[in-house]
Amino acid sequence: MSTSESAAAKVTIDPSFTVGPVRRRTFGAFVEHLGRCVYTGIFEPEHTTADEDGFRTDVLELTRELGVSTVRYPGGNFVSGYRWEDGVGPVEQRPARLDLAWHSTDPNLVGVDEFAKWSAKAGVETMMAVNLGTRGAQEALDLLEYCNIDGGTAFSDQRKANGAESGYGIRMWCLGNEMDGPWQIGHKNALEYGRLAADTARGMRMIDPDLELVACGSSAPTMPTFGEWERVVLTETYDLVDLVSAHQYFEDFGDLQEHLAAGHKMDSFIRDIVAHIDHVKSVKKSKKQVNISFDEWNVWHMSRGESKAPSGQDWPVAPVLLEDIYTVADAVVVGDLLITLLRNTDRVHSASLAQLVNVIAPIMTEPGGRAWKQTTFHPFALTSRHAAGTVLQLAVESPLVSGGKTADFTALSAVATLDADKGEAVVFAVNRSATDALMLDAAVAGLGNVKVIEAVTYANKDPYWQATADDSTSVLPAQNGSVKADGGRLTAELPAVSWSMIRLALES
Ligand code: AHR
């Protein structure tokens, strides 16, 4: 795409092209005991904004504004060496432990009870992960008993004694984390993991048959075991789990056009996972449908210094780790990844942006100081706030772009949601061209008469602009004056490297 006049992408939006519901769980995030996500992130008792439980209320407010639904906890790689019992009971008696995953020390000031309290204050649903690295089914069952049984058993009475009268009623449970990865403590092959996950799930279902259980899928599409891992794990667990996890991170290696292919790559990863799930379903002649929990996704500049863990004799508490500072281009990618998750709402039933605070996160904090929004905060918050009702599949005819190793993907990535009760349709669109503006030309007659309520675009002359604690507001989503709706057509100019949201009122 390289014309001086904007090329056009033709789109048809029709209310009968439905994919499935907008799921609130698409807007999940992740809090891991990693770097400063917990300590000086969500929890900092000495902070001026801290509440009676030591939680930073400035972070709680930003979490609510971000519109997060579910929060996965406590890891991540961390969970594969975690003893949950260390984090409950009187704080002064809790042991400090080595966290091997991140070469840090965990003081265990925050554990499942504190996290449950924080979740209630933030208004989010907890998604709990159990350790299937160094531990097994028994410890997972103990944790489930501690969390969800109201009382009358050893662990549930212990929770009551620790101050929580009723069980937490946690519905979603991850059976370990990234067990396909050789970096994982207690890494297993697919059959070893599949059997352990099945045993654990079987026991958990004896306690509560209605839990929603997530088996570990692949930690990246580039894993040499991807596909075969899903086949073997699901062969062992198909009837016992509801979801299989997917993890995927994207890095900007300096080729912006290639970086903007992230949504296209996620789309093809999802299609492949669906094929692997449905293969097992078909072989088993099962009526049950397993779906995807995309429980780690984001831009992560993994090869940069920010991700270097401490080493040697240095085992710090809450070190600065994975504190990537995001650009406007990264935010456009995040917006596109959310569009991709929504577009696949028929099979992606849950997702978690990794992570929430400080660690590859939309929210940053200074210890003892300010909390501020990264660029990636904006598309997430706006999509979470305005996507509602039903997801519509758009018919798209778009110019193609190519970058680096990724050839011929559409410049336009878009999805629409339709909230019939509210009488509102919302179009989310990304122009993935690194160089050229794109005209969006949408046939919207199927929606009846429409009026533009709001049209905002996030872009900047310098796509590498980054927010900082001192200036997190000089580049914000701004009104897009080019957007028009008239005579069954919606038109908009989408600048290169941009994310846009157009809200339409359906006139009756
Ligand atoms: O989110 C950071 C890390 O990425 C998680 O701990 C792990 O699960 C993944 O590799």
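## Stop 1: a buried arginine

Select R56 and H47: their side chains make a polar contact at 3.1 Å. A polar contact is a pair of N or O atoms within 3.5 Å; within protein, one must be able to donate a hydrogen and the other to accept it, and residues adjacent in sequence count only if both atoms are side-chain atoms. This is a predicted model, where local features need pLDDT of at least 70, side-chain atom pairs count only at pLDDT 80 or more, and totals for chains, interfaces and linings use all residues. Residues are numbered from 1 along each chain as its sequence is written, and side-chain values use heavy atoms, with hydrogens and water left out.

Stay on R56. It sits in the loop between β3 (28-30) and α1 (57-66). Helices (H or I, at least four residues) and strands (E, at least two) are DSSP runs, numbered from the N terminus. Is R56 buried or exposed? R56 is buried, because its relative accessibility is 0%. The classes are buried (under 20% relative accessible area), exposed (over 50%) and partly exposed (in between), with a 1.4 Å probe and protein chains only.

## Stop 2: the ligand

Now select the ligand. Which residues surround it? Pick F30, E32, G76, N77, W102, N177, E178, Y249, E296, W300, Q355 and I360. A residue counts as near if one of its heavy atoms lies within 4 Å of the molecule. By class, this shell holds five nonpolar, four polar and three charged residues. Nonpolar here covers Ala, Val, Leu, Ile, Met, Phe, Trp, Tyr, Cys and Pro; charged covers Asp, Glu, Lys and Arg; the others, Gly among them, are polar.

Show distances to the ligand oxygens.

- N177: an N or O atom of its side chain is 3.0 Å from a ligand oxygen.
- E178: a polar side-chain atom lies 2.7 Å from an oxygen of the ligand.
- Y249: a side-chain N or O atom is 2.8 Å from a ligand oxygen.

On its own, the ligand has 280 Å² of accessible area, and the protein covers 96% of that. Areas come from the Shrake-Rupley method with a 1.4 Å probe; for residues, only the protein chains shown count as cover.

The ligand takes up the space of the largest pocket. On a 1 Å grid over the protein atoms alone, a pocket is an open set of points with protein on both sides within 12 Å along at least five of seven lines. A molecule sits in one if more than half of its atoms lie within 2 Å of its grid points.

## Stop 3

Most residues other than glycine have a negative phi, and most peptide bonds are trans. The next selections depart from that pattern.

Select Y73 and P74. The bond between them is cis, with omega near 0°. P74 belongs to the loop between β4 (70-73) and β5 (97-99). Move on to G75 and G76, where the peptide bond is also cis, with omega near 15°. G76 is in the loop between β4 and β5, and G76 is one of the residues around the ligand.

Go to T40. This non-glycine residue has a positive phi of about 75°. T40 lies in the loop between β3 and α1. T40 counts as buried because its relative accessibility is 18%.

Then pick D408. Phi is positive here too, near 50°, and D408 is not a glycine. D408 lies in strand β18 (residues 406-410). At 52% relative accessibility, D408 counts as exposed.

## Stop 3: distances across the chain

Finish with C-alpha pairs.

Select T365 and L143. They are 222 residues apart along the chain, and their C-alpha atoms are 31 Å apart. T365 is in strand β13 (residues 363-365) and is buried, at 3% relative accessibility.

Last, select Q289 and V241. Their C-alpha atoms are separated by 9.7 Å, and the two are 48 residues apart along the chain. Q289 lies in the loop between α8 (262-284) and β11 (291-299). Q289 is partly exposed, at 31% relative accessibility.

Terms used
On a 1 Å grid over the protein atoms alone, a cavity is a set of points where a 1.4 Å probe fits but cannot get out, and a pocket is an open set with protein on both sides within 12 Å along at least five of seven lines; lining residues have an atom within 4 Å of a point.
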